[in-house]
Amino acid sequence: MSADLWNSAAQVLDTNWSTDHMVPSRGLYPHQWSWDAAFIAVGLAYVNPTRAWRDLRSLFEAQWPDGRVPHIVFDPRTAEDDYFPGPGFWDVPAYGDRPARGSTGLVQPPLHALAAWEVYRRAAAHGVACAREAGDQLAWLYPRLVAQQEYLTGRRDAGGDGLVSIVHPWESGLDNSPSWDAALAAVPADLTLLERFRRRDIENADAAHRPTDADYARYVGLVVDYRDGGYSDVELAHRHAFVVECPSFNTILAAAELALAHIAAVVGADPAQHRQRAKRITRAISEHLFDPETRTFRSRDVRTRTLSPAPCVNGLVPLLLPDLPTGQVEAIMAEAGSPRFGLPAQTGLPVPSYDRTAPDFDPLRYWRGPVWININWLLRRGMLVHGYLDEAEDLRLAMIRLVHTSGHFEYYHPRTGAGIGAPTFSWTAALALDLLADRSVPAYARAA
């Protein structure tokens with residue numbers, strides 16, 4: 001099984017390479033996506049480290065002057081009509097040496113420092129020459145990774161509590177998660193927008209698997225509002241209709257600081273500043289996004305200061321943080337093992353994206369039920385950080401079995417394990433390689 005899975009995963013990554021970057025999957029996703037690039041680099045480093053570095057550099061070459069890393073970098077060889085919303089819709093002005101309409105104005109979870117550290121770690125194991133070249137790559141990336149963190153922790157702290165706010169569900173990476181339903185209820189669903197702007201995702205995928213028209217109308221409206229405001233982050237909570245603090249996004253922000261502490265030591269910068277920031281972000285997550293009544297982490301609407309009522313998989317991701325209070329770590333593991341989610345010991349499958357017992361649980365529709373490999377990969381690493389070694393190994397094996405049996409799909413049915421969404425999906429393939437190759441406790445997540 002291992003050799004077959006390794007070879008098929010490597011083939012997916014070879015198929016999806018596009019000159020200087022990786023596409024998530026040909027057809028539905030013809031450009032470069034931000035947090036996809038991070039997950040992909042982790043696994044790509046095993047079979048083609050040169051491409052892993054190139055993919056990360058290609059993404060950061062599109063970084064904005066304010067430090068934001070766009071959630072999509074557009075391939076100019078792809079026609080406007082091949083993807084919506086495309087470059088013309090976003091209408092991003094030229095910046096730096098980038099042409100106009102080259103990217104979006106949104107961001108995604110800043111997993112890139114963690115990915116860069118993992119790529120470096122693989123390279124350093126192959127001798128002095130490889131380590132030296134990888135050190136040069138880290139030196140190029142480090143100030144750009146720091147600028148990304150400073151943008152997020154500065155301009156995007158809309159609530160003032162030391163947490164990053166997202167201004168669109170797409171920024172979370174968990175696009176149509178029920179975690180956003182309460183906040184989105186205040187956003188008008190103007191269906192006439194879908195008459196002006198035609199959805200293309202449902203031309204390449206089953207509409208029953210994708211966000212609804214009502215949700216998509218809200219998504220388009222939020223982009224129009226942010227775009228027409230010049231992609232400004234000033235006074236977000238007062239002028240933008242969706243401003244939410246996501247537990248998984250902020251957890252990844254803190255994990256990035258821990259990775260930057262390791263990178264700083266390689267490039268000659270101060271690691272202490274990054275460890276201190278990680279502790280501050282962890283403390284803010286613990287204090288503001290944990291619901292003591294349900295003993296779960298939830299997203300928070302900055303405009304109303306209320307926690308989402310929906311128990312979603314993003315509330316399990318704070319397990320990644322080594323300084324999370326023990327009681328909250330235990331609460332996450334209890335939630336993961338409960339009937340709402342279920343660990344492989346109970347279900348034989350990785351963890352779903354939403355509460356299995358909820359009346360609106362949907363086993364087919366994107367982030368409203370299906371199993372995603374990337375989130376389970378993060379959960380497994382959190383289990384390793386806190387010493388849940390048996391549970392981590394069970395989850396690793398469940399993910400490997402699922403991908404080997406069903407193929408390298410975007411996501412999977414949470415009861416049958418059938419592949420859903422885009423086939424030959426890059427981060428699924430890349431993370432399968434990592435799951436096969438690396439069982440170590442992640443160094444970037446250990447407290448110093």
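Welcome to a predicted model: the chain has 448 residues, of which 62% are buried. Its secondary structure consists of 19 helices and 11 strands. The radius of gyration is 20 Å, which agrees with the value near 22 Å that a compact globule of 448 residues would have.

**Overall shape and surface**

Welcome to a predicted model: the chain has 448 residues, of which 62% are buried. Its secondary structure consists of 19 helices and 11 strands. The radius of gyration is 20 Å, which agrees with the value near 22 Å that a compact globule of 448 residues would have.

**Overall shape and surface**

- Among contacts with a separation of 6 or more, 70% are between residues 24 or more positions apart.
- The chain has an accessible surface of about 15700 Å², and carbon and sulfur atoms account for 51% of that surface.
- On the charge side, there are 53 negative and 43 positive side chains. The centres of these two sets lie 3 Å apart.

**Cysteines without a bond**

- A search of the whole structure turns up zero disulfides.
- As background, a disulfide is a covalent bond between the sulfur atoms of two cysteines.
- For Cys-246, the closest cysteine sulfur belongs to Cys-312, and at 9.4 Å it is too far for a bond. The cut-off for a disulfide is a pair of cysteine sulfur atoms within 2.5 Å.
- Seen from Cys-312, the closest cysteine sulfur is in turn that of Cys-246, again 9.4 Å away.
- Cys-246 counts as buried because its relative accessibility is 0%. Cys-312 is also in the buried class, with 3%.

**Backbone details to look for**

- As a guide, most residues other than glycine have a negative phi, and most peptide bonds are trans.
- Phe-84 and Pro-85 are joined by a cis peptide bond, with omega at about -5°. You can find Pro-85 in the loop between strand S4 (72-73) and helix H4 (87-90).
- Arg-295 is not a glycine, yet its phi is positive, at about 55°. Its loop runs between strand S6 (290-291) and strand S7 (296-297), and its relative accessibility of 43% makes Arg-295 partly exposed.
- Arg-305 is not a glycine either, and it has a positive phi of about 60°. This residue belongs to the loop between strand S8 (300-301) and strand S9 (306-307). Arg-305 counts as partly exposed, at 41% relative accessibility.

**Gln-108, a buried loop residue**

- Gln-108 sits in the loop between H4 and helix H5 (112-124), and it is buried, with a relative accessible area of 5%.
- Although Gln-108 and Ser-34 are 74 residues apart in sequence, their C-alpha atoms are 6.3 Å apart in space.
- Leaving aside neighbours within four places in sequence, Gln-108 has contacts that include Trp-33, Ser-34, Trp-35 and Asp-36. Val-69, His-71, Trp-170, Glu-171, Gly-173 and Phe-249 are also among its contacts.

**Leu-236, a buried helix residue**

- Leu-236 is part of helix H12 (residues 236-239). With a relative accessible area of 2%, Leu-236 is buried.
- Beyond its neighbours within four places in sequence, Leu-236 touches Arg-156, Ala-158, Val-167, Tyr-226 and Val-243.
- The C-alpha atoms of Leu-236 and Tyr-151 are separated by 14 Å, and these two residues are 85 residues apart along the chain.

**Glu-391, a partly exposed helix residue**

- Glu-391 belongs to helix H18 (residues 389-406). Its relative accessibility is 30%, so Glu-391 counts as partly exposed.
- Neighbours within four places in sequence aside, Glu-391 is in contact with Met-333 and Met-383.

Conventions:
Residues numbered from 1 in each chain as written. Predicted model: local features only at pLDDT ≥ 70, side-chain atom pairs only at ≥ 80, totals over all residues. Heavy atoms only, no water. Helix = DSSP H or I, 4+ residues; strand = E, 2+ residues; numbered from the N terminus. Rg over C-alpha atoms; globule rule 2.2 N^0.38 Å. Buried < 20%, exposed > 50% of the residue type's maximum accessible area, 1.4 Å probe, protein only. Contact = heavy atoms within 4.5 Å. Areas by Shrake-Rupley, 256 points an atom, 1.4 Å probe, with all protein chains shown as cover. Lys, Arg positive; Asp, Glu negative; His and termini not counted. Charge placed at Lys NZ, Arg CZ, Asp CG, Glu CD.
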